[in-house]
Amino acid sequence: MHAGTLALGLTGMAGLTWLNYRGVKGSGRAQYALVVVLLVMATAFVLTGILRGNVANLQPYFQRSESGSIWPGARPLHDGVVLVRRLQRHSRDDGGEVECHLTTARSGA
């Protein structure tokens with residue numbers, strides 16, 4: 001475990017413990033502030049999608065091939081899961097972090 005991750009977790013835990021200790025009023029204000037931040041972020045994402053989005057990007061991830069199968073669209077998802085598992089295993093075996101450079105190739109089939 002990295003020291004920064006541990007410090008962040010302990011700080012968050014201490015903050016939530018302090019809020020609970022202070023009572024419902026402080027927790028209610030904190031929850032209200034977090035909901036406002038969440039709504040602002042969601043609004044920003046929606047507006048960005050509306051104003052700067054491109055209809056060409058709305059292609060479905062899983063598409064049927066000429067044979068009627070949806071599995072050709074699932075292949076990139078499967079490859080990504082396999083890659084993450086390999087990186088986790090490699091990182092665990094080496095006891096350190098892994099630097100990874102990814103390249104992708106699409107076949108004509």
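A nonpolar surface patch of about 480 Å² is formed by Met 1, Leu 6, Leu 10 and Met 13, where a patch consists of residues with over 30% relative accessible area and no salt bridge, nonpolar side chains (Val, Leu, Ile, Met, Phe, Trp, Tyr) being joined within 5 Å. A salt bridge is taken as a side-chain nitrogen of Lys or Arg within 4 Å of a carboxyl oxygen of Asp or Glu, and accessible areas come from the Shrake-Rupley method with a 1.4 Å probe. The model is predicted, with local features requiring pLDDT of at least 70 and side-chain atom pairs pLDDT 80 or more, while totals for chains, interfaces and linings use all residues. Residues are numbered from 1 along each chain, and side-chain values use heavy atoms, without hydrogens or water.

Leu 10 lies in helix 1 (residues 3-22) and, at 45% relative accessibility, counts as partly exposed, a class between buried (under 20% relative accessible area) and exposed (over 50%). Among the 20 residues of helix 1, the count of buried residues is 1, and the helix is thus described as hardly covered. Helix 1 is followed by Gly 23, whose phi is positive, near 120 degrees.

The protein as a whole contains 3 helices and 0 strands, these being DSSP runs of H or I with at least four residues and of E with at least two, respectively. Of its 109 residues, 4% are buried, and carbon and sulfur atoms account for 63% of an accessible surface of about 10,300 Å².

How values were computed:
Patches are made of residues with over 30% relative accessible area and no salt bridge: like charges are joined within 9 Å, nonpolar side chains (Val, Leu, Ile, Met, Phe, Trp, Tyr) within 5 Å. Buried means under 20% relative accessible area, exposed over 50%, partly exposed in between (1.4 Å probe, protein chains only).
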